[in-house]
Amino acid sequence: MECVVDGKISDVIKKQGRPLDESLIQSCTHQILLGLDHIHCNNLVHCDIKCRNLLVCKDGVKIGDLVCEKMVGNNGATTSQLSDTSVFMAPEVII
C-alpha cells in the first residue's frame, strides 16, 4: 500500500486556503478520469467519488475508498459490496 504524503484533495484545498489553480484542476480531473476509466473497464462502479476519496500522491491523484463499489454484470445489473460503513450512508446509495 502506498503512503499518501499530501493527503486528500480536500486537505490540500483546506491547507491552501483557496480553490485550486485551473491548471491543477485540469491535471487532477484528467487523472481521475483515467482512474475511473480503469475501474469501469474492470466492470466496477465507484459510487462515492468526492474530494475526501481522492488521494494526492507523488505521482498525482489516485482514487481511494472502494467501500461502496458495485460490480456491473453483462446485463447491466449491479451487485453491492458494502461494509460496516453502510449504516452511515443514504438509503439511495445502499440500494
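At 57% relative accessibility, Cys-41 counts as exposed, where exposed denotes over 50% relative accessible area, buried under 20%, and partly exposed the range in between (1.4 Å probe, protein chains only). The structure is a predicted model, in which local features need pLDDT of at least 70 and side-chain atom pairs count only at pLDDT 80 or more, whereas totals for chains, interfaces and linings use all residues. Residues are numbered from 1 along each chain as its sequence is written, and side-chain values use heavy atoms, with hydrogens and water left out.

The protein contains three helices and five strands, where helices (H or I, at least four residues) and strands (E, at least two) are DSSP runs numbered from the N terminus. In order from the N terminus, these elements follow the pattern α-α-β-β-β-β-β-α. Of the 95 residues in the protein, 23% are buried. When contacts (heavy atoms within 4.5 Å) are considered between residues at least 6 apart in sequence, 45% of them join residues at least 24 apart.

The largest nonpolar core consists of eight residues, namely Ile-9, Leu-20, Cys-28, Ile-32, Leu-36, Leu-54, Val-56 and Val-61. Helix α2 and strand β2 each supply at least two residues of this core, and the largest share, three residues, comes from α2. A nonpolar core is here a set of buried Ala, Val, Leu, Ile, Met, Phe, Trp, Tyr and Cys residues joined through side-chain atoms within 4.5 Å. In soluble globular proteins, nonpolar side chains tend to be buried together. Ile-32 touches Leu-54, Val-61 and Ile-63, when residues up to four places away in sequence are not counted.

Thr-29 also lies in helix α2, which spans residues 22–41, and is partly exposed at 37% relative accessibility. The side chain of Thr-29 reaches the backbone oxygen of Ile-25 at 2.7 Å. Although Thr-29 and Val-61 are 32 residues apart in sequence, their C-alpha atoms are 8.7 Å apart in space.

Strand β2 (residues 54–57) and strand β3 (residues 60–63) run antiparallel and are joined by four bridges, the criterion for pairing being that DSSP finds at least two bridges between two strands. A hairpin connects β2 to β3 through two residues, and the bridge partner of Cys-57 in β3 is Gly-60.

Zero disulfides are found in a search of the whole structure, a disulfide being a pair of cysteine sulfur atoms within 2.5 Å. Cys-28 is buried, with a relative accessible area of 10%, and its sulfur is 9.5 Å from the closest cysteine sulfur, in Cys-51, which is too far for a bond. Cys-47, in the loop between β1 and β2, is partly exposed with a relative accessible area of 32%, and has a positive phi of about 75° although it is not a glycine.

A positive phi, near 60°, is likewise found at Asn-43, a residue other than glycine. Asn-43 is placed in the loop between α2 and β1 and is partly exposed, with a relative accessible area of 40%. Strand β1 (residues 44–45) includes Val-45, which is partly exposed at 30% relative accessibility. The C-alpha atoms of Val-45 and Val-72 are separated by 7.2 Å, while the two residues stand 27 residues apart along the chain.

Terms used. Polar contact = N/O pair within 3.5 Å; in protein donor to acceptor, adjacent residues only side chain to side chain.
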